[in-house]
Amino acid sequence: MSLKLERADVHRFRALVGRRLGLEFDDSKLEYLADVLEQRLKTSDCSGLEAYAHCIGDNGREEWRALAEQLTINETYFFRYWDHFRAFFERVLEERVRVRRPAQKLRILSAGCASGEEAYSLAILIREHLPDYAAFDIKILGVDVNLSMLEKAGRALYSPWSLRTTPEHLRQRYFHATGRDFQLDAAVAESVDFEEANLVEDDAKLWRPETYDLVFCRNVTMYFAPEVTRAVVDRIARALVPGGFLFLGHAETLRGVSQDFHLCHTHDTFYYQRRSGAEIVANGDGGAGAWAPSRAAPAAELDANDSTWVDVIHRASERIALLAQHSPHLHASSKERPGAQHDSLRQAWDLRAAIGMLEKERFGEALDLLKALPVDARLDPDTLLLRAVVLTNSGQLAEAEQVCKELLLLDELNAGAHYLMALCMEHAGDLGAALEHDRTAAYLEDGFAMPHLHMGMIAGRTGESSQARAELGKALRLLPREDASRILLFGGGFGREALTELCRSLVKKCKGAP
Ligand SMILES: C[S@@+](CC[C@H](N)C(=O)[O-])C[C@H]1O[C@@H](n2cnc3c(N)ncnc32)[C@H](O)[C@@H]1O
């Protein structure tokens with residue numbers, strides 16, 4: 001770290017950047033922030049942080065521009081995540097055009113557009129897939145806080161690297177070579193507007209209610225603090241028309257962020273659709289609900305060959321009893337949940353008692369305890385999830401399915417409920433639906449090992465060895481870091497080691513298969 005700067009100065013600078021640009025930097029980036037701050041102090045002729053903080057106060061627009069240029073990550077390219085663009089032209093565009101045909105207008109926002117490739121990709125695909133696009137009043141707006149990126153977008157001149165995943169026929173139709181670079185077709189370039197905007201600010205014009213049919217905000221909120229993400233997504237939700245669509249980056253989900261959207265899964269990818277006003281659950285719970293035991297269950301004898309996972313859970317003995325001496329406690333899931341205040345002490349105590357019964361495999365008593373809760377607590381997402389877990393463990397899969405459905409109505413992004421639904425669907429013989437729920441659970445919680453283990457088992461049983469190996473491999477990578485509470489709830493009573501052993505033996509079996 002710089003000699004001239006105190007650690008406290010850098011912390012203060014980090015807080016200022018977080019407030020103004022939304023960007024979150026963890027401690028490993030303090031050195032980098034110190035370098036940036038030192039460099040900016042030199043350039044700005046400020047005597048120290050006090051003067052600099054004053055200079056980047058209300059009138060520091062130019063300085064903030066310089067900081068945004070240094071501190072933002074601007075990686076982007078044409079047709080990044082082709083699955084998203086397929087979902088766009090095969091579903092989203094078609095649906096929005098149908099709805100908007102009477103008014104003949106479409107409004108699209110690329111929020112955090114960087115050098116424009118995302119917004120231009122959408123403009124190209126509209127020309128390709130909407131034959132009467134000229135009859136529509138279409139506005140595509142790209143906004144970003146980094147002015148130099150917007151200037152680059154305005155030039156619409158790109159390196160071959162920016163076109164690295166552009167299909168050849170689109171490259172030929174919409175670009176012409178200029179030296180080593182490629183110039184975008186002028187008509188396409190003119191069809192997109194770019195503006196400087198900071199997503200953290202509540203700009204009344206940018207966020208006019210019910211304006212956009214579609215918002216792409218990909219690989220932007222991953223750099224924000226959770227509370228900034230929530231505020232930005234809230235603005236996006238308000239600015240989308242009901243039924244409008246939101247695409248986030250692959251590493252970003254709305255779990256624990258917003259309940260204003262339905263999750264869509266088509267074209268091998270996930271995205272979101274704005275609910276109608278009447279549908280929005282006022283005090284929804286974005287978390288999966290989790291309980292942490294003090295240690296995971298020890299290994300149990302497992303034989304999963306040719307069995308459904310539910311069968312395996314039921315065949316296993318001694319498993320849950322071994323957990324009994326450990327008293328789990330309620331805690332919020334990894335992301336802070338909106339509306340988490342509903343976890344009343346009384347309810348937490350009662351749920352603990354029910355978990356104790358689950359651990360002892362006294363499923364009937366656990367269910368009785370849950371039934372005896374006051375109505376509000378019974379309908380709480382945490383309670384519903386626990387009920388579904390107990391029902392699954394006790395083999396009451398039809399009832400578990402009903403409870404999961406109830407829970408998913410309250411919290412569509414509940415990864416645990418999707419995973420339990422996968423077990424119920426497998427039990428009901430609907431492997432397609434089981435896999436769909438597993439994929440959703442894995443998407444919503446990228447560290448959730450069980451859906452991968454389950455998908456691997458299904459693939460192994462249906463003879464898809466390479467798919468099975470891939471999923472079991474993911475489960476094996478995730479299990480060492482898997483949340484202990486999730487192992488307790490969803491591991492069918494097996495501990496981390498037993499589940500790891502199971503994965504290994506299944507992988508071996510797959511290797512023997514063609
Ligand atoms: C990694 S790029 C993503 C580009 C494009 N959306 C994509 O996925 O290919 C992230 C962009 O978000 C912009 N950004 C970061 N914070 C922002 C803020 N507070 N307001 C507006 N844009 C911001 C950055 O300047 C950067 O260009």
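A residue counts as near a molecule if one of its heavy atoms lies within 4 Å of it. Before I use that: this is a predicted model, where local features need pLDDT of at least 70, side-chain atom pairs count only at pLDDT 80 or more, and totals for chains, interfaces and linings use all residues. Residues are numbered from 1 along each chain as its sequence is written, and side-chain values use heavy atoms, leaving out hydrogens and water.

So, the ligand. Which residues come nearest? T76, R80, D144, N198 and N219, out of 22 residues around the ligand.

Now the backbone. L21 has a backbone N or O atom 2.9 Å from a nitrogen atom of the ligand. For G112, a backbone N or O atom also sits 2.9 Å from a ligand nitrogen. For V145 the distance from a backbone N or O atom to a ligand nitrogen is 3.3 Å. How much of the ligand does the protein cover? On its own, the ligand has 600 Å² of accessible area, and the protein covers 99% of that. Those areas come from the Shrake-Rupley method with a 1.4 Å probe.

On to the rings. The structure holds 18 aromatic pairs. Rings of Phe, Tyr and Trp (its six-membered ring) pair if their centres lie within 6.5 Å; planes under 30 degrees apart are stacked, over 60 edge-to-face, and the rest tilted. F216 and F247 are stacked, 4.7 Å centre to centre, with 25° between the planes. F216 is in strand β7 (residues 212-217) and F247 in strand β8 (residues 240-248), so this pair ties together parts 31 residues apart in sequence. Strands here are DSSP runs of E, at least two residues; helices are runs of H or I, at least four; both are numbered from the N terminus.

F216 and F247 are both buried. Buried means under 20% relative accessible area, exposed over 50%, and partly exposed in between, with a 1.4 Å probe and protein chains only.

Next pair: F261 and Y272. Their ring centres are 6.3 Å apart and their planes at 80°, so they are edge-to-face. F261 belongs to strand β9 (residues 261-266) and Y272 to strand β10 (residues 269-274), 11 residues apart. F261 and Y272 are both buried.

Two arginines also meet rings. The charged end of R164 sits over the ring of Y77, 3.9 Å from the ring centre. R171 has its charged end over the ring of F182, 5.0 Å from the centre. The test: NZ of Lys or CZ of Arg within 6 Å of the ring centre and within 35 degrees of the ring normal.

Now the core. A nonpolar core is a set of buried Ala, Val, Leu, Ile, Met, Phe, Trp, Tyr and Cys residues joined through side-chain atoms within 4.5 Å. The largest has 116 residues, and L246, Y272 and L453 have the most contacts inside it. Helix α17 (residues 415-427) gives the largest share of this core, eight residues. Another core, of 40 residues, lies apart from it and includes A87, I108, A189 and C264.

Last stop, backbone angles. Most residues other than glycine have a negative phi. F79 has a positive phi, near 55°. F79 is in the loop between α4 (61-71) and α5 (82-100). Is F79 buried or exposed? At 1% relative accessibility, F79 counts as buried.

Happy to take questions.

Terms used. Polar contact = N/O pair within 3.5 Å; in protein donor to acceptor, adjacent residues only side chain to side chain.
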